[in-house]
Amino acid sequence: CNRRSARLSFLSSYAVWRKIEPFYKGGRVQINRDGKFMFCPCGTKLNVIDVETGALHSLQQDDEENISSFVLSPDDEILVTGSRALLLKQWNWRESKCVRTWKAVHVAPVASMAFDPTSTLLATGGCDSTIKIWDMIKQYCTHNLKGSSGVVHLVEFHPDVSRLQLFSSSIDYKIRIWDLNSSKCVAVLDGHFSAVTSLAFADGNTLVSSGRDKICMVWDLKTRESKRTVPVYESVEAAVLLPEKGDFSQLGVKKPGLHFVTAGSKGILKVWEVATAACVYTQPVPFELKEEASERSLTQCMLVPERNEIVTVSVEHNIVLYDAQTLQLRKQLAGYNDEVLDVKFLGPGDSHVVVATNSPQLKVFELATSHCQILYGHTETILALDVFRKGLMFVSCAKDKSLRVWRMNRDGRVICVAQGLGHAHGVGAVSCSRLKESFIVTSSQDCTIKIWNIPESLTSKAKAALISSPEALHAKVTERGHDKDINSVAVSPNDKLIATGSQDRLAKLWSCSDCSLLGVFTGHKRGIWCVQFSPVDQVLATSSADGTLKLWGLRDFSCLKTFEGHDASVLKIIFVSRGAQLLSSGSDGLLKLWTIKTNECVKTLDGHEDKIWGLHSNKQDDMVVTASSDSSITLWKDVTEIEEKEAQAKQEEQIMK
């Protein structure tokens, strides 16, 4: 505590410490040979992610065109991107430098690319139904292969270099084999009735192909006939061969012989034995299986032999790394958030943040590694969050008219321990009791507030991790609070009072015990977005669409102070510096820091490009997290001391001069 009081009690500035931003917006993902870096297309840039920490750097194209395709050579040295501008670019990806740009000679964008095993030949499959082959050392186009129909969305070289063969597939669902000595198509493997999605070579003479026609086919490349059809009963996006060496008995591999893993529209991995065409293993899932085109469906699956990992990519841009021999989840990265509606620090040491994005799933990020847990439960968009003081239990509320209580175990895993139903409309705001984990207050678009008790038995069972399915909570009090939407609720530090703020321009104070109305705060000219109790004084802070913040006395309901300076709606406010300052966030993406005593705005921070819906500070009061409609989450560090030391050093230097 001494360190805290010795520190200046006023903050003067924050600086961006790190951002959690969308890094992947769809398209093929690639991983380098040792599995340390992942390459993810994100609009006009290609992001290179350090898998261990989640840190990224970008290869930014200067032509502002979206990347249509890219590939990394097998030796990890050459990275080539193709854009809608019909140019190919070669990169030194470790230093984010473009080293060469040349015309793709295709008359439409490049849809697919592949390197040969020696990393010297590059094949590009175009939307113009041609395939070009490039000698990367001599830097010229060696072949122009014509004869495919429609977009060539798949190209692969045969792994045996001496054969000089290229395999391709296009919109006619056939697999073509090209002989590069004669530049001719020497064979057509015809068997799929829908798009071929992947090709995997088992040995020189066996090929496995997967398709959206819900089958995988095994081809004999000597006779160029199909040896076996494996019905997978779901649209297959990838088939990956399991290595011959290694113990895969936990995945149902009991006999020697070829086995492969499929990923597709059902969102789960399955292992198949080629000899019998039987499924020998199905990944157990925490969710009910929906039929086709569910948001969990997988778009890609890869094996990283160096790290013994299987990596999957989902339609929702989530990337999961599994142990290849057990399919135990090692890490999950979330590539894309939609608008972020709320964010809170989580964990006893604020080691995580929990995020409500514009979806029914919650995301919990571990800050040190970027590992992301995705929490399923709500059925419609989650609107708000709050965390109990100890940082282990938290609550979410959603458009599905429900609230859910979650708890983080010692190992960092989060489970849902309770669910509360009873509101007639979506639940837009929630606040937890402050002293103990004893109750929750919610407010809804049905203009009511409800108080929900948390039985002690639930808390102790949750602590002991004895809850298998969420228990039901019941509201002990319901009160019609306002005439319009209630945007915010807050519980006082002593758990005796509740404040609400509404679209009807009023804030109200209620008694916690029976929800009786104690008084009304009138004065804002437009709807109120946020209400917060001071941690130290008998004061309530409110923020409004009229661009002001106000402080009110809890005894006589009078307005004590008004803070003007935002040119937009003030969406969230929090007290910082132990109640001596306020931090506010606006719908224009600005944060403002106010000193209460002097009424002045001491700092304006421009960290977001759109509305800042989420704002929370950590227990140590030296970090803040913000979340915005611009899809990004920003962590801010208090840099007051650093900036003061710098100013002091400058001053001393001046005196010396």
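1. Ala-277 sits in the loop between strand E24 (270-273) and strand E25 (278-282). Its phi is near 60°, a positive value in a residue other than glycine. Ala-277 has 18% relative accessibility and counts as buried, because the cut-off for that class is under 20%. The model is a predicted one, and the backbone angle of Ala-277 should be read as part of that prediction.

2. Val-105 also has a positive phi, of about 65°, although Val-105 is not a glycine. This residue is found in the loop between E9 and strand E10 (110-115). What is the exposure class of Val-105? Val-105 is exposed, with a relative accessible area of 53%; the class follows because exposed means over 50%.

3. As to the chain as a whole, there are 57 strands and three helices. The C-alpha atoms fill a box of roughly 90 × 70 × 45 Å along the principal axes. Of the 657 residues, 57% are buried. Among contacts with a separation of 6 or more, 45% are accounted for by residues 24 or more positions apart. The accessible surface comes to about 27800 Å², and carbon and sulfur atoms hold 50% of that area.

4. Charges come next. On the surface, a patch of negative charge is formed by Glu-21, Asp-567, Asp-588, Asp-606 and Glu-609. Glu-21, one of this group, is placed in the loop between strand E1 (14-20) and strand E2 (30-31). Its relative accessibility of 39% makes Glu-21 partly exposed.

5. Side chains of opposite charge can pair when their charged atoms come close. How many salt bridges does a search of the whole structure find? The search finds 18. One of them joins Lys-344 to Asp-342, with the closest N and O atoms 3.5 Å apart. Both partners fall in the buried class: Lys-344 has a relative accessible area of 9%, and Asp-342 has a relative accessibility of 2%.

6. Another salt bridge runs between Asp-350 and Lys-619, where the closest N and O atoms are 3.0 Å apart. This pair links distant parts of the chain, 269 residues apart. Asp-350 is in the loop between strand E30 (340-346) and strand E31 (352-357), while Lys-619 is in the loop between strand E55 (612-617) and strand E56 (623-628).

7. Lys-461 and Glu-471 form a salt bridge in which the closest N and O atoms are 2.6 Å apart. Lys-461 belongs to helix H2 (residues 456-463) and Glu-471 to strand E41 (residues 471-473), so the pair ties together parts that are ten residues apart in sequence. Lys-461 is partly exposed at 32% relative accessibility, and Glu-471 is partly exposed at 25%. Elsewhere, salt bridges that share partners join Glu-52, Arg-307, Glu-309, Asp-323 and Arg-330 into one network.

8. Pro-470 lies in the loop between H2 and E41, the two elements that hold Lys-461 and Glu-471. At 35% relative accessibility, Pro-470 is partly exposed. Which residues does Pro-470 touch, not counting residues up to four places away in sequence? They are Arg-404, Cys-416, Val-417, Ala-418 and Gln-419. Gly-420 is 50 residues from Pro-470 along the chain, and their C-alpha atoms are separated by 9.5 Å.

9. Ser-96 occupies the loop between strand E8 (87-92) and strand E9 (97-103). Its relative accessibility is 29%, so Ser-96 counts as partly exposed. Leaving aside neighbours within four places in sequence, Ser-96 is in contact with His-57, Ser-58, Leu-59 and Trp-91. Ser-96 and Gly-481 are 385 residues apart in sequence, and their C-alpha atoms are 56 Å apart in space.

Key
Residues numbered from 1 in each chain as written. Predicted model: local features only at pLDDT ≥ 70, side-chain atom pairs only at ≥ 80, totals over all residues. Heavy atoms only, no water. Helix = DSSP H or I, 4+ residues; strand = E, 2+ residues; numbered from the N terminus. Buried < 20%, exposed > 50% of the residue type's maximum accessible area, 1.4 Å probe, protein only. Contact = heavy atoms within 4.5 Å. Areas by Shrake-Rupley, 256 points an atom, 1.4 Å probe, with all protein chains shown as cover. Patch = residues over 30% accessible without salt bridge, like charges linked within 9 Å, V, L, I, M, F, W, Y side chains within 5 Å. Salt bridge = Lys/Arg side-chain N within 4 Å of Asp/Glu carboxyl O. Lys, Arg positive; Asp, Glu negative; His and termini not counted. Charge placed at Lys NZ, Arg CZ, Asp CG, Glu CD.
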